[in-house]
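Below is a short briefing on selected parts of a predicted model. The sequence and structure come before the notes.

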Amino acid sequence: MFWQISLELLQGFGVTCLIFAATLLFALPLGLVLSFGSMSRFKPLKYVVKVFVWIIRGTPLMLQILVVYYGPALIFHWGFLDRIVAVVVAFVINYACYFSEIYRGGIESISKGQYEAGQVLGMTRSQIFFRVVLLQVVKRIVPPMSNEVITLVKDTSLARIIVVEEILKVAYDFTVTGLIWPLFYTAVYYLVFVGLLTLLFGWLEKKLQYFKV
Amino acid sequence: MAFLEVKDYRKKFGENEVLKGISFSLEKGEVLAIIGSSGGGKTTLLRCLNFLEIPDEGTLTLNGETLFDASEKKQNTESQIREKRLHFGLVFQQFNLFPQYTVFRNITLAQALLAGQAFAQKKREFAAARRAAPKEKRRALKAEHRRILAEIRENQKRGIAEKTDALLERVGLADKKNAYPYELSGGQQQRVAIARALALSPDILCFDEPTSALDPELTGEVLKVIKGLKSSDSTMIVVTHEMEFAKNVADRVIFIADGRIEEEGTPAEVFGDPKSEKTAAFLRKSLEELF
Amino acid sequence: MKKFLALLCTALLALGAVTFAACGRDDTLKVGVTKYPPMDYIDETTGEWTGFDAELARKAFGELGYDVEFVEIVWETKIVSLQSGEIDAIWNGMTVTDELRQNILLSDPYMTNQQVLVIRAADAEKYKTQADLSKASKIAFEGGSAADTILSEMEGLNEGQLLSMEKQADTFLEVKTGSSDVAVVDLALAKETVAQGDYTDLAYVNVGFATEEFAVGFRKEDTELCQKINELLAKYKEDNTIGQLGEKYGVTV
């Protein structure tokens, strides 16, 4: 019984991890694109991105999931995305916006002098970004990023709103059959996963301690 | 014709005209000191020489070749500007070392990137040559090319390392090769920055108030290094507020006020017998600050 | 970077197009359900939806020539699910209310239901009549449910006693842990739940609340389908199909 339920919860946790991994995979680069957009010298692009980020950060993720899933069908009669795809789309958009603000803060905190030093040494813009600026940005954003990423692990439980079988939904369904403990037992899964992430980020921070910015 | 000739440089930021027509010339191996009160346009002039700012008007001739002409917009694209920059080196007031790299890597980075570009170019040429060659010879050619490329890379590496070691020796930091910038004093960081600027062998090396960000007891070591470069024939332009340094090291001095060259001449002329009332007032004031 | 962005957009669009295209076959009828034993639940051995409602729905729609596909929905957003076309019908022990009637089309009632009290078995002496509810420190119920209507119209209760929750299943945990003293839920669900798992120390009491009716929900424009289901439901009452199903699943019809 215990193992049976552990296994079923593990299946749910697989879905949780899938949402987590897919979100990071797409949101990390998309966030960088958005951050470049929000820092663009081309004003219209800059304001479009800023308004977009404002809307996404200003509304609940749960609402965004509902909009992505039901919106196309209700407004355009297009039909439905696969539930898990809808969840991932909503998560990617939401987290890309949060990431973009973190990136922007990190990039803007690098002094102009670093860019100019690269310029007078004849480096191209991309050489300056990748060889000089990027690692300094990474060092600065590791702490806020680790916060966001850990929040993401737990936000996956919102997928329940459109009946995606993530771990908390699986556990909740057990309560209908009279089993309460699986609900609280899910904490073990979350804690182990977040624990691993914490170790990973700690290791990364330590790796980057060899220089000071 | 002089080694460097700057003619009628003008630069506006919005409505504010910072350079109002600057012209001067400099001979090879000379040291030019630029003095003047802050806000007068000294730093902007230096940034224009390094193309960190693009002048609105004016021309620059280096070694007989017109390097920059503000009226020829087409020739001033980003990649062209980048090539022009390589003729000049710049040492910043705030050093601007790359914090994530060791002293050695700070100095070699730009050289390595340029060498990499040259290497890639050679590789492309070889590949084209192989495609043009008859089929049966290609295999032999490939082995040959591989050997030459490996040799080139090896030579590049050794060349860069030897040059960098020599530069570190020259600025007196051979023992700090593997240190990170945060482990160094301000004076040491500025000496690394000088070595970094020298690494690309610029025709003209510029200094933007190189000692202003340093504690007084550390300015000496940096000035000594700059002075040492003079004897090795580098052409240098130094924006400074160290009047003693300008007097002793510079071959020529320019006093800039309000975006114009107010006075220019040898140190003896400018410091000993200023013709302009503004220059005299500035020199009096900086003397007062000293005591 | 621009190339990458373009690639990302294309990939997402393509993914969307594929999934959008995959839905909407005409002979399939999607029935919205929740895990709500004994009306709708998943049989552990077959992995198929089953229960009183599920079996009735499969039979009725099957007779009309549809393949039935059960789609699990979130009960709070059932109307959105129906309007958006995620499902075509709701058949999940849905109690008829005026509010529902305004938003969706309801079939004729196919069975009656009643709200009962769920309490800790140890409190059996304490809660025997409707009036005893005033003794409870907290009364848990599902917001917007039939219980909600009954409790809000009842005299002698104060606002502070009422605890509106997301779903009926949550109320059992409230009572078991002692956070609330009483839950008001459907008879069928109460009967099923207090008999199993961690909830065997709970009991239900019928205090004679007015009966209510279960019906099937459709989109307002699907009047023809609703009419056909009404005819079938009348037939199933006549030939005792519904009565037999009730016995099979322990539901009082």
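In strand β12 of chain C (residues 202-205), the bridge partner of C:V118 is C:Y204. In β11(C), C:V118 has C:A183 as its bridge partner. The model is predicted: local features need pLDDT of at least 70, side-chain atom pairs count only at pLDDT 80 or more, and totals for chains, interfaces and linings use all residues. Residues are numbered from 1 along each chain as its sequence is written, and chains are lettered from A and ligands numbered from 1 in the order in which they are written.

**Strand β8 of chain C**
- β8(C) covers residues 115-120, strands being DSSP runs (E, at least two residues) numbered from the N terminus.
- Over four bridges, β8(C) pairs in the antiparallel sense with β12(C); pairing requires that DSSP finds at least two bridges between two strands.
- Strand β11 (residues 182-186) of chain C also pairs with β8(C), in the antiparallel sense and over four bridges.
- Five of the six residues of β8(C) are buried (20 or more other C-beta atoms within 10 Å of the residue's own, C-beta atoms being placed from the backbone).

**Domains of chain B**
- Domain 1 spans 4-98 + 185-290 and domain 2 spans 103-170, with bounds from an automatic or database domain assignment.
- The centres of the two domains, taken over C-alpha atoms, are 35 Å apart.
- Eight residues of domain 1 are in contact with 10 residues of domain 2 (C-beta atoms, placed from the backbone, within 7 Å).

**Chains A and B**
- The contact takes 19 residues from chain A and 20 from chain B.
- On the chain A side, α5(A) (112-120) gives the most, with six residues.

Methods. Contact = placed C-beta atoms within 7 Å. Buried ≥ 20, exposed ≤ 12 C-beta atoms within 10 Å, placed from the backbone.
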